[in-house]
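Here's my quick read of the model you sent over. Have it open while you go through the points.

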Amino acid sequence: MKIVVAIIKPFKLDEVRESLIALGIEGLTVTEVKGYGRQKGHTEIYRGNEYAVSFLPKLKIEVVLPSDAVAAAVDAIAASAKTGQIGDGKIFVYGIDSALRIRTGETDANAL
């Protein structure tokens with residue numbers, strides 16, 4: 001089992017969700033986060049004053065999958081989250097040792 005963690009632009013969430021549903025992936029977790037990468041934030045003008053925004057709003061999507069479904073999920077997320085502009089985000093894949101569905105006691109792949 002693997003966990004796929006994607007940091008994306010907030011307005012791309014619906015497209016990413018739809019692409020994962022099309023693959024048959026039913027569950028995901030979304031967290032509102034702030035951060036920056038190479039773009040190092042940006043400047044904005046508010047009431048005539050310019051100020052720097054160091055941390056940009058992003059969404060973190062987490063999906064736990066069987067190992068054989070990871071490549072398709074990563075491709076779907078990358079394709080649907082891409083705008084071609086700086087700040088499109090990143091995708092990370094980590095290993096999962098075990099999983100437990102609290103309600104039923106199912107473990108590992110059955111818990112997904």
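Predicted model: local features only at pLDDT ≥ 70, side-chain atom pairs only at ≥ 80, totals over all residues.

1. The protein chain has two helices and six strands, and along the sequence they come in the pattern β-α-β-β-β-β-α-β.

2. On overall shape, the C-alpha atoms fill a box of roughly 55 × 25 × 20 Å along the principal axes. The radius of gyration is 17 Å, whereas a compact globule of 112 residues would sit near 13 Å.

3. Buried residues account for 28% of the 112 in the chain. Of the contacts between residues at least 6 apart in sequence, 72% join residues at least 24 apart.

4. Have a look at helix H2, residues 70-81.

5. Which residues of H2 are buried? They are Val70, Ala73, Ala76, Ile77, Ser80 and Ala81. Viewed down the helix axis, these buried residues fall within an arc of 130°, so they line one face of H2. Their cover includes strands S1 (2-8), S5 (56-65) and S6, along with helix H1 (13-22). Ala71, Asp75 and Ala79, on the other side of H2, are exposed.

6. Last, check the backbone at Asp108: phi is positive, about 50°, though the residue is not a glycine. Asp108 lies in the segment after strand S6 (89-95). With a relative accessible area of 33%, Asp108 counts as partly exposed.

Note on methods: Residues numbered from 1 in each chain as written. Heavy atoms only, no water. Helix = DSSP H or I, 4+ residues; strand = E, 2+ residues; numbered from the N terminus. Buried < 20%, exposed > 50% of the residue type's maximum accessible area, 1.4 Å probe, protein only. Arc of directions from axis to C-beta. Contact = heavy atoms within 4.5 Å. Rg over C-alpha atoms; globule rule 2.2 N^0.38 Å.
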